[in-house]
Amino acid sequence: MTRTLYRNARIFTGDESRWAEAIVVDGEEFIHVGSEAEAPHADAEVDLGGRVVLPGFTDAHTHLLMMGEALGQVGLTDAASLEEIQRRLDEARRTTSGVLRGRGWLFDAIPDGEPTATMIDAVVADIPVYLDANDYHSCWVNTAALRELGITRDTPDPLGGRIARDASGEPTGMLYETAAQQYAWAQRDASTTDAQRDAAVARVVSAYLSAGVTGAVDMAFDELGLAALERAAERGELPLRVAAHWFVANSGDDAANLAQVAQASAHASASTAGVRVVGIKLVLDGTIDACTAAMGAAYADGSNAEPIWPAARLLPVVAAADAAGLQIAMHAIGDAASALALDAIEHAVAVNGDRPRRHRIEHLEYAAPGTAGRMARLGVTASMQPVHADPAIFANWAAQIGDDRVARAFAWSEYDEAGALLAFSTDAPTAPYEALANMYVAATRASALVPGVPAVDPTQALPLERAIAHATRDAAASIGDGTWRGRIAVGYAADFVVLDADPFAGDPALLLGTRISQTVIAGRTVYES
């Protein structure tokens, strides 16, 4: 194996207080991190010209197949009005046949925040149109799609979801939570070919490598995603380090729910190095933007939402997964949901006794005071997404809360200060996947989507070194990999990225213009600009 010295660099090791000027990679790992003068003999030498080197990013919460599919759909996140959404759909229809899919629209771009099928019908009525919301917790469809799905006034709401209806009971074109999953997403999965899924995997791998991401944690894994990623690994086309949480849906039946846990455990036991199933994913509530997150107090309009997993159904599943040695990741955006998640973990500890465990709560957009300390005591990871706090998309979130709870939105620093493990990620495709843009929001609370939008609560911003450590070192540790990757350290996997500019040298806005020059995984260059 070739031993390579990388010299003349500013190397951030992942430990906030430690920098280096040279690294030596032997095969797949670092054997030297420090000064050039003390570096051992190498067979090859790379002069990095003073550029900055970081540990490879791990996107600790993402949706790989969905992201790959989204990269091929009509993007609507920056469409600020219904007219702009309609213009893009009309333009896309000219080159689309069969079905039109879009993603990323925001509720505050729609009059009164109430999308309807007729709004889409005005520009595309002849083929089905499916538009996933930016949070991917609801889907907006046209009349042709309602017909394709067989949704009528007589179609019941599924457990944990809702079909929007007008005063007369007719479906209006919005599918919330499990209604989106069981109708729109099920139709998508049934109509997508393996070749299309393979193309989606190729798109997501290419995108992540160019963004400096060397590892990813899929948070809604199923048979289709597993098969697609395993095919890529078999072809030698999956350099990313992939771990995954198997999606477990609340069926309303304890035996069926526990059978899903057993299925996840079987996949975990059969995992290969290319794609590892490490745990299960449970969605306990919805989102604040759609008023479907479970809150301790009502929204501004007086409404609230019940958890998708009531305690009676949740506790047996969490206890069974914990007993099987699976990591449990629970989507909990509202404070009632995060309290329920911690109750379930405490129940599992009481049932199963003292054993190694590192469970997670995903998102934590609004959590009650004291939550961070409770998580630290239980050893529960806070998995959070800075890009979800981008001020360009914050106004609707704040409007739905409508009171002083807004001041504690996305309170990253609370988890940092409490000593809980804090792992940063993007939740792509619900937000942009670019790691450096994510770090800009983390370090400033300003907008990466629309530069110039003022920061929201900059007191919650973190120093850039700490933010990057949460997205590299701690993101890897969040799935138990912290002893062998996520840092630039002797004996660790040689996963690192080289930047074309120095974002530490002054204005953090440099992050928005900085590009990845090189991405290295296991000592092998997998991307060069």
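Biologist: Why are H10 and H11 called roughly parallel to each other?

Modeller: Helix H10 (residues 335–352) and helix H11 pack at an angle of about 20 degrees, with their axes 11 Å apart, where an axis is a line fitted to C-alpha atoms, for helices over the stretch in contact, and an angle runs from 0 to 180 degrees between N-to-C directions. Angles under 35 degrees count as roughly parallel, over 145 as roughly antiparallel, 65 to 115 as roughly perpendicular, and the rest as oblique; H10 and H11 are therefore roughly parallel. This is a predicted model, in which local features need pLDDT of at least 70 and side-chain atom pairs count only at pLDDT 80 or more, while totals for chains, interfaces and linings use all residues. Residues are numbered from 1 along each chain as its sequence is written, and side-chain values use heavy atoms, leaving out hydrogens and water.

Biologist: Which residues of H10 and H11 make the contact, and how do they divide into nonpolar, polar and charged?

Modeller: Contact means heavy atoms within 4.5 Å, and here Ala339, Leu342, Asp343 and Glu346 of H10 meet Thr371, Arg374, Met375 and Leu378 of H11. Ala, Val, Leu, Ile, Met, Phe, Trp, Tyr, Cys and Pro count as nonpolar, Asp, Glu, Lys and Arg as charged, and the others, Gly among them, as polar, which gives this contact four nonpolar, one polar and three charged residues.

Biologist: What makes H6 roughly perpendicular to H7?

Modeller: Helix H6 (residues 194–210) and helix H7 (residues 223–234) pack at an angle of about 65 degrees, with their axes 9 Å apart, and that angle makes H6 roughly perpendicular to H7. Their contact brings Asp194, Arg197, Asp198 and Val201 in H6 against Leu224, Ala228, Leu229, Arg231 and Ala232 in H7, and by class it has five nonpolar, no polar and four charged residues.

Biologist: Why is H14 called oblique to H15?

Modeller: The axes of helix H14 (residues 435–444) and helix H15 (residues 464–471) come within 9 Å and cross at roughly 130 degrees, a value that makes H14 oblique to H15. The contact is made by Met439, Ala442 and Ala443 of H14 with Leu464, Ala467, Ile468 and Ala471 of H15, and by class it has seven nonpolar, no polar and no charged residues.

Biologist: Is the crossing of H14 and H15 left-handed or right-handed?

Modeller: A crossing is left-handed if the near helix is turned anticlockwise from the far one by less than a right angle, and right-handed if clockwise. The crossing of H14 and H15 is right-handed, the crossing of H6 and H7 is right-handed, and the crossing of H10 and H11 is left-handed.

Biologist: What makes strands E5 and E6 stand at the edges?

Modeller: Helices (H or I, at least four residues) and strands (E, at least two) are DSSP runs, numbered from the N terminus, and two strands pair if DSSP finds at least two bridges between them. Four strands form an open sheet in the order E5-E4-E1-E6, with mixed pairing. Strand E5 (29–34) and strand E6 (44–47) each have a single partner strand, so one side of each is left without a neighbour in the sheet. The twist averages 20 degrees from one strand to the next.

Biologist: How do you know that E1 pairs with E6?

Modeller: Four bridges join strand E1 (residues 3–7) to E6, and the two run parallel; a pair needs at least two bridges. Within this pairing, Leu5 stands opposite Glu45 in E6.

Biologist: Why is the aromatic pair of Phe12 and Phe504 called tilted?

Modeller: Rings of Phe, Tyr and Trp (its six-membered ring) pair if their centres lie within 6.5 Å, and planes under 30 degrees apart count as stacked, over 60 as edge-to-face and the rest as tilted. By this rule the count comes to 13 aromatic pairs. Phe12 and Phe504 are 5.9 Å centre to centre with 45 degrees between the planes, which is tilted. The pair links distant parts of the chain, with Phe12 in strand E2 (residues 10–12) and Phe504 in the loop between strand E22 (496–499) and strand E23 (516–521), 492 residues apart.

Biologist: What joins Ala428 and Pro429?

Modeller: A cis peptide bond joins Ala428 and Pro429, with omega about 10 degrees, and Pro429 has its place in the loop between strand E21 (422–424) and H14. Most residues other than glycine have a negative phi, and most peptide bonds are trans. Phi of Leu364 is near 50 degrees, a positive value in a residue other than glycine.
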